[in-house]
Amino acid sequence: MPKPTNELAPDISTGLAAHAGHGSELAGDESAAMIAAVANQDRGDFKLLAIVSSSHLVVDTVAGQMSPLWPELSQHYDMPSTSGCLLVWTLATSVFQLMFGVLGDSMRGQWLMIAGPMVAVGCLSAIGLSHSPPVLYALLLFAGLGIAAYHPEAAAMSGRSWSSQRSRAMSIFAMGGYLGQAIGPYYSGFMVDRWGLSGLVWGAAWGWLAMLAVAIGLGRQPVTPVAATQSRWSPWKSLHTGARRLTLLLAIGSLRIVAAAGVPIALGFVLAQRDWLKSDVGLVQSAFMAGIGAAGLLCALSSSARWE
């Protein structure tokens with residue numbers, strides 16, 4: 001196994017030289033922080049990974065609670081179909097992640113990890129407090145944007161927390177999300193069966209408290225300096241030069257979403273037509289998502305460092 005110091009020296013000198021080339025000088029503490037961050041990358045920051053993965057569990061619990069509720073929304077809001085609402089929700093939670101990713105790369109985006117879910121929690125907790133379809137569309141739009149704002153920065157932070165084992169770090173992060181999606185459907189089905197859609201308002205209490213705890217945990221983590229070479233990175237240039245790889249990733253991701261998101265939604269409508277309780281519908285959806293999370297954990301544990 002190669003010695004870390006031999007491999008890390010060029011990275012450290014490159015980062016320092018980049019700053020010197022721009023006519024700026026690193027303060028002593030910033031230079032020491034950069035060197036320590038690079039020198040310790042093989043060990044991984046497991047506390048940070050645990051915080052980010054736990055936050056993913058909370059965020060996807062909030063997002064996952066929509067799975068068994070689409071047929072109920074149609075009745076509550078007296079709409080012939082919720083296909084338009086589903087389209088708004090899907091586009092807001094997925095397509096806008098690119099916009100928030102670019103925003104996070106151009107500035108410190110850690111605040112998006114907290115502000116986005118806070119907005120999502122408030123909006124989704126309020127969907128049972130109105131009977132106006134325009135209000136529902138607005139709530140779903142802003143909740144979806146809040147969910148989208150969280151994921152790019154959180155995923156990047158989880159990868160940085162264990163950069164030498166990035167695949168495992170990302171699998172652990174993803175597992176937190178799948179566990180959240182396994183909890184969300186049963187939770188919302190249980191609440192709606194007993195108190196109707198208005199019962200979801202209680203989610204604001206635990207959701208905001210959980211994200212506040214995440215904010216406190218992240219605030220106590222040391223800030224890793226970003227090298228000057230990274231600050232000059234252009235996302236649009238990367239989209240152009242890596243178009244083939246990005247196209248492949250998008251294709252694989254789209255196929256994954258067809259199953260991971262499409263199957264629970266389809267189950268919700270099919271089982272609702274059979275007059276299943278929403279908690280039972282949610283339980284079936286939760287079991288499906290738990291299976292995906294377990295498979296992701298298995299992949300994380302069995303992956304080799306050579307595949308990083």
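Predicted model: local features only at pLDDT ≥ 70, side-chain atom pairs only at ≥ 80, totals over all residues.
Is Lys-278 buried, partly exposed or exposed? Lys-278 has 22% relative accessibility, so it counts as partly exposed.

Residues are numbered from 1 along each chain as its sequence is written, and side-chain values use heavy atoms, with hydrogens and water left out.

Start with the charged pairs. The structure holds two salt bridges. The term means a side-chain nitrogen of Lys or Arg within 4 Å of a carboxyl oxygen of Asp or Glu. In one of them, the side chains of Lys-278 and Glu-72 meet at 3.2 Å, N to O. This pair links distant parts of the chain. Glu-72 sits in helix 4 (residues 70-76) and Lys-278 in helix 15 (residues 278-302), 206 residues apart. Helices here are DSSP runs (H or I, at least four residues), and strands are runs of E of at least two; both are numbered from the N terminus. Glu-72 has a relative accessible area of 16%, so it is buried.

Glu-153 is buried, at 13% relative accessibility. Arg-160 is partly exposed, at 49%.

Now turn to the rings. A search of the whole structure finds two aromatic pairs. Rings of Phe, Tyr and Trp (its six-membered ring) pair if their centres lie within 6.5 Å; planes under 30 degrees apart count as stacked, over 60 as edge-to-face, and the rest as tilted. Why is the pair of Tyr-186 and Phe-190 tilted? The ring centres are 6.3 Å apart and the planes stand at 35°, so the pair is tilted. Both residues lie in helix 9 (residues 166-195). They are four residues apart, about one turn of the helix. Tyr-186 is partly exposed at 37% relative accessibility, and Phe-190 is partly exposed at 29%.

Tyr-187 pairs with Trp-206. This pair is edge-to-face, with 5.6 Å centre to centre and 90° between the planes. Tyr-187 lies in helix 9 and Trp-206 in helix 10 (residues 203-219), so the pair ties together parts that are 19 residues apart in sequence. Tyr-187 is buried, at 17% relative accessibility. Trp-206 is partly exposed, with a relative accessible area of 31%.

Next, the surface. Which residues form a nonpolar patch there? They are Leu-87, Leu-91, Val-95, Phe-96 and Met-99, with about 440 Å² of accessible area together. Patches are made of residues with over 30% relative accessible area and no salt bridge; like charges are joined within 9 Å, and nonpolar side chains (Val, Leu, Ile, Met, Phe, Trp, Tyr) within 5 Å. Accessible areas come from the Shrake-Rupley method with a 1.4 Å probe; for residues, only the protein chains shown count as cover. Helix 5 (83-94) and helix 6 (96-106) are the elements that give two or more residues to the nonpolar patch. Phe-96 has its place in helix 6. Phe-96 is partly exposed, at 32% relative accessibility.

Last, the cysteines. How many disulfides are there? The count comes to zero disulfides, where the term means a pair of cysteine sulfur atoms within 2.5 Å. Cys-85 is buried at 0% relative accessibility. Cys-123 is buried as well, with a relative accessible area of 12%.

Definitions and conventions
Buried < 20%, exposed > 50% of the residue type's maximum accessible area, 1.4 Å probe, protein only.
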